[in-house]
Every structure is written in structure tokens, then in C-alpha cells.
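Here are some notes to read beside the model, written as numbered points. Please keep the sequence and the 3D view open while you go through them.

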Amino acid sequence: MVKTAQDIIIKPIITEHSMECLAAGKYTFKVAKGANKIEIAKAVETLFKGVKVAKVNTISVRGKKKRMGRHEGYTSAWKKAIVTLAEGSKTIEFFDGMI
């Protein structure tokens, strides 16, 4: 099965910490659980034209335990990718207005 860039990059993660990392050229995304670092780098370069990826760090986030009355379960586990752009690379326009 061929994965498209839209299947790999699910959504951007916008938190205080991820906004502070923008100055260093690090962008945070929620990605598909089965995606590897090479696929993530290619997907970012495909979705955002003129962007060159230097490195990708991935984190598997475990689901949290939640309760609703006497019933309990877990939220879904997911994968986070921190993408560092190359030195002379163009920035990702989506994040430009948030700094």
C-alpha cells in the first residue's frame, strides 16, 4: 500500500514548547504510527515546497488512562515527529503567523 504525504503527516502540534522550538527551526507534527523517519522527511518536503529537512526525531506517545464514572479505558496511542529544517531552508508558512 502506497502512503501519500497526507496519510503520513496528520496534523501540526501547537503547544508552548513547540512554539519556542520554531526559532531553532524545529517543527512538531502528529504522524502516522507506522511511518518511519525517511517517510516523514519526504512527506514534509512534499507538502511544504522549498523546505529541506535536516533531521527527524520521533516519539511514540502512549495513551493516557481515562475514566468515565466506573468505566475506564485508554486514549489512543500516537506518534509525534520533531522535524529540524536545514540551515538555508525556507520556513513552513503555516507556522509563520504564530511566533
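1. A contact, as the word is used in these notes, means heavy atoms within 4.5 Å. Among contacts in the protein chain between residues at least 6 apart in sequence, those that join residues at least 24 apart account for 59%.

2. A word on the basis of these notes: the model is predicted, so that local features need pLDDT of at least 70 and side-chain atom pairs count only at pLDDT 80 or more, while totals for chains, interfaces and linings use all residues. Residues are numbered from 1 along each chain as its sequence is written, and side-chain values use heavy atoms, with hydrogens and water left out.

3. The protein chain contains 4 helices and 6 strands, where helices (H or I, at least four residues) and strands (E, at least two) are DSSP runs numbered from the N terminus. Followed along the sequence, these elements come in the pattern α-β-α-β-α-β-β-β-β-α. The C-alpha atoms fill a box of roughly 55 × 35 × 20 Å, taken along the principal axes.

4. Of the 99 residues in the protein chain, 31% are buried; buried means under 20% relative accessible area, exposed means over 50%, and partly exposed lies in between, with a 1.4 Å probe and protein chains only. The protein chain exposes about 6900 Å², of which carbon and sulfur atoms supply 55%. These areas come from the Shrake-Rupley method with a 1.4 Å probe, and for residues only the protein chains shown count as cover.

5. How many salt bridges does a search of the whole structure find? The search finds 4, a salt bridge being a side-chain nitrogen of Lys or Arg within 4 Å of a carboxyl oxygen of Asp or Glu. One of them joins the side chains of Glu39 and Lys3, at 3.3 Å from N to O. Because Glu39 lies in helix 3 (residues 37-47) and Lys3 in the segment before helix 1 (5-8), this pair ties together parts that are 36 residues apart in sequence. Glu39 is partly exposed, with a relative accessible area of 25%, and Lys3 is likewise partly exposed, at 34%.

6. Another salt bridge brings together the side chains of Glu93 and Lys90, at 3.2 Å from N to O. Glu93 is partly exposed at 46% relative accessibility, and Lys90 is partly exposed at 40%. A further salt bridge pairs Glu72 with Lys65, at 3.4 Å from N to O, and here Glu72 counts as exposed, with a relative accessible area of 52%.

7. Leaving aside residues up to four places away in sequence, Ile9 touches Phe29, Lys30, Val31, Ile40, Ala43, Val44 and Leu47. Ile9 and Ala41 are 32 residues apart in sequence, and their C-alpha atoms are 9.9 Å apart in space.

8. Thr28 lies in strand 2 (residues 26-31) and is also buried, with a relative accessibility of 8%. Which residues does Thr28 touch, not counting residues up to four places away in sequence? Thr28 touches Pro12, Ile13, Ser18, Lys80, Ala81, Ile82 and Phe95.
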